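Student: Could we go through this structure together, one question at a time? I would like to see how each answer is reached.

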Amino acid sequence: MHSKYIVLLATILAAFGLTRCSRSSPKNAEDANEMFLHHVLYTKVRSLDPLSIRDVYSATIIFQICEPLYQYHFLKRPYVIIPLLAEDLPVISDDRCTYTIKVKKGVRFQDDACFKNSKGRELKAGDFVYQLKRIANVKNVSENWSLFDNRIVGLNEFREYTKTCKTQADVDYSRPVEGLQTPDDYTLIIKLVKPWPQIVGVALADQASMPVAKEAVDYYGKDIIAHPVGTGPFKLSAWDRASYIELVRNPNFRGETYPTEGEPGDKEAGYLDDAGKTIPFADKVTWTIIEEYQPAWLLFLQGKLDVSVVPKDNYSEVFSGVGQLTDGMKQRNIRLETFDDPSTFWVGFNMEDPVLGKNKPLRQAINLAIDRVKFIELFFNGLHKVAYGFIPPLMPSYDPNIVNMGFARYDPNKGRELLKQAEQIQGGRIPELKIAVPGTDTFSRQMGQFLKMQLNDIGLDIEVQYMDWPTYQEKMNTSSTQMFTSGVTASIPDAIDFLEMFYSKNKSPGSNKFNFSNPEYDRLYEQASVMLDSPERTELYRKMELIVLNDCTAAFLNHRVAYVLLHDWYKNYKPNVFSYGVSKYRRIDLKERAEYPELLKKLKD
């Protein structure tokens, strides 16, 4: 992926503008014959323009509104890429540098005031070209540029051209790019500078390449971040930045059907009960923005949210043993889904920082000061896995011997020794270090205090800076942090997702938020990035991981194991760690949901 989604340390993936689209509130009284999905977001969303979305929160929303060319099959495992807006998989040239893609006919954008008579027009191949040029336009400062940098023939030249334009309005999007051709309205030809084996999963199934109508960008201007106009099953109805996001069914949606096949066991698990039925099932999808876990947890118990993570202070209320629900949860007809998530979380170092970047013993000391086992016990009830490196155990290229490498061990005495070496390099006492934490809620503050105490213990002075998500993103994109807590979850079953985060050409505002630069790493990355899956490529992946560990670019902390609670009325919840556009598959048993208040009353009595 282009290290696809940056996420807050505390957020569980499956729980799921500058102006506000609406100041109204979601209606309280629901039509008994309409189907509503009720979700929660634990932070505010900054933008709903695919141009720069790289965080899990915005992605969770935009994938319901807009669509890429491809998606991962909802049910099949191992994961399989299938067409979405494309007619079929690409036709690939012998040199693996030219991809010919047929775009589905009859797909229409959602009705919107930006179009003539407010009627959405038909999707064309040129809409994909326009979106990629928007990303290349230097004036847009797109976080997605590092994904396409030096990938498509002529796109970098287009980027250079935009630097010569005085204003945004001066950029000519009709200017040809050799590597992006549309011989007709339904054919897209992409010519690559060199082979890019992961292009379909990394880029063409990613929100970055979601088609955006030029009419919408021209009509809304900078406010396009609050007015997404896509081809997906849902459209934005209301967005109050501090309170909620509400989507409604898109009447223009071309119509899809629920999958008719999956993997062994899906039929018995009920995942094929809706096989062949028209989707989406829901009439409306809402995300209530609640930045504290406890209020969200109470809403879930009251039946006002369909899905919930388990707050760390409520584990004893939920679990009677590892993976076993208490009788109280079972009596509420609440069920549990658990799965390994291909994610890694860390305390990262800005390698361009004058204190941290030039002082390897200091970075090593910080690594040794953090008790990862205690961290996981305190904040995740011991359910997550220690991260000894950055490639998650789910990846085929994961090296089981990584546990014996690097500095992901707790050794405060050794840390104090290294701190003395660090002070010699510094020429005196290490100045106060600052850690940026994305979140101002109780969990974030507890986590920040834990890290502060651990580093204080070896003799470091620490200031924890708590920020809301948009502020944190801005700081990260402008290299304005010294240390930072963050993490990513993969978008494809290939570790290239994680490896690209340390490639020097992807420095901020790209995916390399560490601003790490190592010539040997870059050489190996460029070699591996054009290779098909093979034992030789796996070996290169592992060599690159060791370079990052030896340079102590971060203190890697944990790989997430997701424990998700669902009310039994919430149907078709099969964990899909590489897809976000899944609301169209969800269905509510309206009768069971309607009976929940009576069930609560009986339990209380």
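Student: In which helix is the place of Q364?

Tutor: This is a predicted model, in which local features need pLDDT of at least 70, side-chain atom pairs count only at pLDDT 80 or more, and totals for chains, interfaces and linings use all residues. Residues are numbered from 1 along each chain as its sequence is written, and side-chain values use heavy atoms, with hydrogens and water left out. Helices (H or I, at least four residues) and strands (E, at least two) are DSSP runs, numbered from the N terminus. On that basis, the place of Q364 is in helix α10.

Student: Does Q364 count as buried or exposed?

Tutor: Here, buried means under 20% relative accessible area, exposed over 50%, and partly exposed in between, using a 1.4 Å probe and protein chains only. The relative accessibility of Q364 is 12%, so Q364 counts as buried.

Student: Which residues does Q364 touch, not counting those up to four places away in sequence?

Tutor: Contact means heavy atoms within 4.5 Å. With residues up to four places away in sequence not counted, Q364 touches F407, L418 and C552.

Student: C552 has a positive phi although it is not a glycine; about what value is it?

Tutor: C552 sits in the loop between α17 (535-551) and β23 (554-559). With a relative accessible area of 2%, C552 is buried. Its phi, positive although C552 is not a glycine, is about 55°.

Student: V141 also has a positive phi. Is V141 buried or exposed, and with what relative accessible area?

Tutor: V141 is found in the loop between α2 (125-136) and α3 (145-148). Its phi is about 45°, although V141 is not a glycine. V141 is exposed, and its relative accessible area is 53%.

Student: Back to α10: which of its residues are buried?

Tutor: Of the 10 residues of α10, 9 are buried, so the helix is largely enclosed by the rest of the structure. The buried residues are P361, L362, R363, Q364, A365, I366, N367, L368 and A369.

Student: How are α10 and α12 oriented to each other?

Tutor: Two packed helices are described by the angle between their axes and the distance between the axes. Axes are lines fitted to C-alpha atoms, for helices over the stretch in contact, with angles from 0 to 180 degrees between N-to-C directions; under 35 degrees counts as roughly parallel, over 145 as roughly antiparallel, 65 to 115 as roughly perpendicular and the rest as oblique. Helix α10 (residues 360-369) and helix α12 (residues 412-426) pack at about 160°, with axes 8 Å apart. The two are therefore roughly antiparallel.

Student: Which residues of α12 make the contact with α10?

Tutor: On the α10 side, the contact is made by P361, L362, Q364, A365 and L368. On the α12 side are P412, K414, G415, L418, L419, Q421, A422 and I425.

Student: Which residues does L460 contact, leaving aside its neighbours within four places in sequence?

Tutor: A nonpolar core is a set of buried Ala, Val, Leu, Ile, Met, Phe, Trp, Tyr and Cys residues joined through side-chain atoms within 4.5 Å. Of the 196 residues in the largest one, L460 is among those that touch the most other members, along with L69, F148, I190, L362, L433 and Y521. Leaving aside neighbours within four places in sequence, L460 is in contact with L362, I366, L419, I430, L433 and L455.

Student: Which residue caps the N-terminal end of α1?

Tutor: All 10 of the 10 residues of helix α1 (residues 56-65) are buried, so the helix is largely enclosed by the rest of the structure. A side-chain oxygen of the capping residue lies 3.3 Å from the backbone nitrogen of Y57. That residue is D55.

Student: With which side chain does S504 make a polar contact?

Tutor: S504 lies in the loop between α15 (496-499) and α16 (519-528), and at 16% relative accessibility it counts as buried. A polar contact is a pair of N or O atoms within 3.5 Å; within protein, one must be able to donate a hydrogen and the other to accept it, and residues adjacent in sequence count only if both atoms are side-chain atoms. At 2.4 Å, the side-chain partner of S504 is D522.

Student: The peptide bond from S508 to P509 is cis; what is omega near?

Tutor: P509 is in the loop between α15 and α16. For the cis bond from S508 to P509, omega is near 10°.
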